[in-house]
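Subject: Structure handover

Hello,

Here is the structure I said I would pass on. Please open it beside this email and follow along by residue number.

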Amino acid sequence: MALNQQSCQVFDAVVVGAGFSGLYMLHRLREAGYSVRVYEAADDVGGTWYWNRYPGARCDIESIYYNYTFSKEILDEWTWSSRYAEQPEILSYINFVADKLDLRRDIQFNTRITAARYNEESRNWEIRMEDGTLVAAEYFITALGCLSSSNIPKIKGLDSFKGEMYHTGRWPHKKVDFSGKRVGVIGTGSSGIQAIPVIAKEAGHLTVFQRTPQYSCPAQNHPLEAEEIRKTWENYDETKQQMRYSQHGVPYGPRMRSALEDSPEERERLYEKAWQEGGLFSLTYNYNDIAMVPESNETAASFIRSKIKQIVHDPEVAQKLMPTYYYATKRPIIDTNYFETYNRENVSLVDIKTAPIMEITPDGIKTTDNEYELDVLVFATGFDAMTGPLFKIDIRGKNDVSLKDKWADGAELKTYLGLATSGFPNMFMLTGPQSPSVLSNMMVSIEQHVDWVADCIDYLREHHLEAFEATEEAEAFWSHQCRAIADMSLLTKTDSWYMGANIDGKPRGFLAFAGGVGLYRLICDDIAARGYEGFASLLAHDNQDDSKVKEGFFVSNIDPQAWFILKQLESAGAPPMEQLTPELARMGDFSLLAGAPEEVAKVENSTIPVPGGEIPVRIYTPEGEGPFPALVYYHGGGWVIGNLDTVDVPCRMLANRAGCVVVSVDYRLAPEHKFPTAAEDSYAAAKWLSENAASIQVDPERIAVGGDSAGGNLAAVVALMAREQGGPSFAYQMLIYPVTNHAYDTDSYSDNAEGYFLTKNTMVWFWNHYLRNDEDGQNPYASPLLAEDLSGLPPALVITAGFDPLRDEGEAYAERLKAAGVPVEATRYDGMIHGFFWMPGVLTEAHNAINQAANALKDAFNAIKTR
Ligand code: N01
């Protein structure tokens, strides 16, 4: 497609699609003074809501929150008639906005874009219409909608059908008359479940062809009073913020409680209440682990199945309607009288999972065990979601590579933030794949994307940057994070359109970002604030100031995975630890960061005696024949929090990799037990192991001590105590970002005081709980860095993290050990944050550090064996 740009119109930006996202994009760019043209295949605005006119079509997000929020004036001028607005009302709203902002003058309707190609010479996009007309633009923005490419399954004989055929996503503008007709509906997703009760009321007979039964809850739709809307938006800014920083784009979220924490009776009571209240999130928001934990999920799933059983009179039909997949791993559905519809005389249900459709005949549908005569056939069979609309346009980036080829038909889906993809400069995808869009209130996602893109274009102009694209590193990182987050949930365990599983031959993979709109917004904003890190400028004007846009991803050194965790923690909005009581602080659960525990040959919980009591230990024994070398491990947590579970995953990994027994010690915590209890418990545990080694198949000559953070402190202190108090003698000390000094005077304390997980204020809080007085802080058993003499101590590994207030004191201890003649291996993990050692579930560097520690232990043990 060669282009003589003199012969065609050139715009600053071309936007494809005049739905909610395209319209707002047009408004934002036009207000900023750019020339913009929107192309739309339909003859009017509306996008999804223009095409999906099937009977019963309505929104599943409460209309009160299904608004543009960028303009208070527009918000105030519009009112909704019911809790869940019907399609015609939503379309009227879109028209109202288009009129109000006078958008139509920059939209060309009845125009399908078939191709878009990036011209590297002119640095413009060349965009081709169905009739061959070309236009050019500096920015190419797709606003295609995620669910706009209708899926009509390729069933044998499809074209032979003599009756009327419709797809819910391409419904005609005139009313379809079902009265007295034999109607068949294939598909029972959101569209089918909305359409079926309405069609049933009119049809002579309705046959529903169901492949997968669905969970659906009552919408409990009702009229809305203007006063209710006014009251909801009374605190406009606050409500808007709550929606923006939520999980799904509504100003409320799940209760912070596991479904398994409540009694069956209490769960039943809450589910029943939610059922009566209705709504998309009502059931799932009772608990925060429905989409994560199979057993919790089953509590909600079985509740809905019990409701189906109650509602549907014929037990056989009820049984066919019972879903078995994990609830809410397909888009949850809300309905009006869906299950009740199966009690009607004129409705029958055909289970095409057990008797699949063989072919469509001129007169109806033939399954493996029957034939159904039909006058009308309705496909409610969904969409080729997310990638489908993009692949319908032949989009070609640098070197003429097509998007479809780059993504290998979706098998290699790679985007940065779901907004951009490398090799396609100056192209932005609104609500594209790997963004949270389809998992949220679309309006919130749309506004966020449009605002971000408009700000980005302003930035590029201000900095005279003509061509700008995501780097390969950035998109590899983002795509990995998207998969990792989805894999932590049950979402990937179900065949759904989220997974691409509804389209024959479509590669499987989770298509969206499941971390929530709040986290996503924080991430996008942070990337913008970092000068659009992860994007690279290809070319710039001579006088550019490109100091802010740099090559490569995360040049600011923090590891992207660690940064991602920081954003997740920020979005969780937990108060700083120092504002909590120790009891509350101990309730934090970081198990998702640790990842799945791996198998160890034997794991045993036990107790051991310490002065004045007993403490729990967990003993990990690896595969093989003893006697084994051993590591006594002390967990971190500032001597105040943390327990055996906190470090279960790294202890398992160390046991397997170093081939040693790991004895993880649950020493007594402060402030209930202040200094020196933790140190004395730790020493007692090491002595106990040395004295009782044979009882747990341990070689007493090959015992190491180790720990992380406060546990690293305790390991160092135990080594000192052993030297000074007559043994035992240890083979090694493994100190992971240890606390070594009660002082806050290092560069790392000032550089990393805040924003990197462990803060200076939290350390002050820990120390204050641990020590009885300031004098304790001068005691080498609290601050081993203050010990006068470090000679004669066991060889050491000291691991530190670049973005950690404790970095410098850990490294100072390593230097002092070296100066005292102790062999030391010291490694700083530059991009890491405090705590990373127990986060192998989300950090590659945690694996590297654990492997390094295991190898160091093995070497130390072998050195003794071969001595
Ligand atoms: O499509 P779907 P949808 N033979 O893919 C079946 C949004 N939406 O249009 O589950 C037989 O969910 C398929 O069966 P199975 C919302 O995000 C929102 O209903 O794949 N059956 C399924 O039953 C929603 O999730 C609203 O086994 C076949 C159905 O067709 C998304 O749009 C309203 C088949 C398709 O369900 C899509 O919903 C409507 C075949 N070959 C939609 N192929 C609101 O309320 C597919 N099926 C805002």
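Below are notes on the sheets, the helix packing and a few backbone details.

The model is a predicted one, in which local features need pLDDT of at least 70 and side-chain atom pairs count only at pLDDT 80 or more, while totals for chains, interfaces and linings use all residues. Residues are numbered from 1 along each chain as its sequence is written, and side-chain values use heavy atoms, with hydrogens and water left out.

Some terms come up throughout. Helices (H or I, at least four residues) and strands (E, at least two) are DSSP runs, numbered from the N terminus. Two strands pair if DSSP finds at least two bridges between them. Contact means heavy atoms within 4.5 Å. Axes are lines fitted to C-alpha atoms, for helices over the stretch in contact, and angles run from 0 to 180 degrees between N-to-C directions.

The annotated domain

An unreviewed UniProt entry carries the annotation "domain: Alpha/beta hydrolase fold-3" for residues 631-837. UniProt positions are given in the numbering used here, feature names are shortened, and annotations may be inferred rather than shown by experiment. In the model, residues 631-837 are 36% helix and 21% strand, and the end C-alpha atoms of this span lie 16 Å apart.

At the β21 end, β21 runs antiparallel to β22 (residues 613-621) over 9 bridges, and S606 stands opposite V617 in β22.

Another open sheet has 3 strands in the order β13-β14-β15, with antiparallel pairing. The edge strands here are β13 (357-361) and β15 (371-373). Neighbouring strands of this sheet are turned by 15 degrees against each other on average, direction ignored. Strand β14 (residues 364-367) pairs with β15 over 3 bridges, and G364 stands opposite E373 in β15.

Helix packing

Two packed helices are described by the angle between their axes and the distance between the axes. Angles under 35 degrees count as roughly parallel, over 145 as roughly antiparallel, 65 to 115 as roughly perpendicular and the rest as oblique. A crossing is left-handed if the near helix is turned anticlockwise from the far one by less than a right angle, and right-handed if clockwise. For residue classes, Ala, Val, Leu, Ile, Met, Phe, Trp, Tyr, Cys and Pro count as nonpolar, Asp, Glu, Lys and Arg as charged, and the others, Gly among them, as polar.

- α16 (residues 517-529) and α17 (residues 560-572): the axes come within 9 Å and cross at roughly 130 degrees. That makes α16 oblique to α17. The crossing is right-handed. Residues in the contact include L519 and L522 of α16 and W563 and F564 of α17. By class, this contact has 6 nonpolar, 3 polar and 3 charged residues.
- α15 (residues 472-488) and α17: the angle is about 50 degrees and the axes are 11 Å apart. The two helices are therefore oblique to each other. α15 passes α17 in a right-handed crossing. Among the contact residues are F477 and W478 of α15, and W563 and F564 of α17. The classes are 6 nonpolar, 4 polar and no charged residues.
- α8 (residues 264-277) and α9 (residues 294-311): these pack at about 60 degrees with axes 11 Å apart. α8 passes α9 in a right-handed crossing.

Backbone details

Where are the cis peptide bonds listed here? One joins F675 and P676, with omega about 10 degrees; P676 is in the loop between β24 and α21 (677-691). Another runs from G727 to P728, with omega near 5 degrees; P728 lies in the loop between α22 (710-724) and β26. R123 is not a glycine, yet has a positive phi of about 55 degrees. R123 lies in the loop between β4 (113-119) and β5 (124-129).

Regards
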